[in-house]
Amino acid sequence: MTDPRTLDRAFQFIMRHFADAGRGPHYTELATAFGLPVEEGRLLLHDVVKAFSPSWLHPETDYLVSCPPFHNLPTQYRVTVDGAQKWFAQCGFEATAMTWLFPGKTVRVDAPCLDCAEPMAFEMRDGQFLRVEPGTMVGHLNQPRIPGKDRLAFL
C-alpha cells in the first residue's frame, strides 16, 4: 500500500483534475504528475480508490468511475459552475460538497426527483445554500432501518 502522504497528494491531484477538467484522470496522467512509471501510476490509482471510500473503478478495469463528490459517468446530479455544466456528483448528499472544490464560486446542482421526476435544484457558495428549488426539498438515503438504532452514526 502507498504511504499516507503520497495517497493524500494523489487524492488532492484527482480532486483538482476533476475540478479543472470536468473528469477524473486516467492513471497515465497520475503517473506523469507523480513522475512514476505507468504501472506504478495504475497501482497508485488503485490504492487511492481503496483508501478513499466510497470511490470505485469500473468493474474489471482501471477506469476511475467515482471519487466523491465527483462522478466520472453522467448521473442525474448535474453540476454547473460559472455557467459551465461539465461535472456530475456521485449523489445528492455528495453534491453539496462540490462547493468546497470551487471556493468563491456559485455551484448549481440540477437533478430530477427520483420519485416524481419534477426538477430540483440548489445553489451554494462557500458552504452556504443560496437557493433551493423547491423550498421543500429533502434528502433521502436509501438505507434500511437498522433495528435498535434510531439514527445511523454518519447521518
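This is a predicted model: local features need pLDDT of at least 70, side-chain atom pairs count only at pLDDT 80 or more; totals for chains, interfaces and linings use all residues.
Close-up 1. The crossing of α1 past α2 is right-handed. Look for T6, R9, A10, F13 and H17 on the α1 side of the contact, facing E29, L30, A33 and F34 of α2. Sorted by class, this contact holds five nonpolar, two polar and two charged residues.

**Close-up 2. Helix α2 packing on α3.** Here α2 (residues 27-34) meets α3 (residues 38-51) at an angle of about 110°, and their axes are 8 Å apart. This angle makes α2 roughly perpendicular to α3. From α2, the contact draws on Y27, T28, L30, A31 and F34, while α3 brings V38, G41, R42, L44 and L45. Seven of these residues are nonpolar, two polar and one charged.

**Close-up 3. The largest nonpolar core.** This core has 32 residues, and I14, L45, L64, F70, V79 and F102 touch the most other members. Helices α1, α2 and α3 each give two or more residues to the core, as do strands β2 (64-67), β4 (78-81), β6 (107-112) and β7 (119-125). The largest share, seven residues, belongs to α1.

**Close-up 4. The surroundings of I14.** Zooming in on I14, and setting aside neighbours within four places in sequence, you will find this residue in contact with P25, L45, V48, L64 and C67. Two of these partners, L45 and L64, are also listed with I14 among the core residues that touch the most other members.

Technical notes. Residues are numbered from 1 along each chain as its sequence is written. Side-chain values use heavy atoms; hydrogens and water are left out. Axes are lines fitted to C-alpha atoms, for helices over the stretch in contact, and angles run from 0 to 180 degrees between N-to-C directions. Helices (H or I, at least four residues) and strands (E, at least two) are DSSP runs, numbered from the N terminus. Angles under 35 degrees count as roughly parallel, over 145 as roughly antiparallel, 65 to 115 as roughly perpendicular and the rest as oblique. Contact means heavy atoms within 4.5 Å. Ala, Val, Leu, Ile, Met, Phe, Trp, Tyr, Cys and Pro count as nonpolar, Asp, Glu, Lys and Arg as charged, and the others, Gly among them, as polar. A crossing is left-handed if the near helix is turned anticlockwise from the far one by less than a right angle, and right-handed if clockwise. A nonpolar core is a set of buried Ala, Val, Leu, Ile, Met, Phe, Trp, Tyr and Cys residues joined through side-chain atoms within 4.5 Å. Buried means under 20% relative accessible area, exposed over 50%, partly exposed in between (1.4 Å probe, protein chains only).
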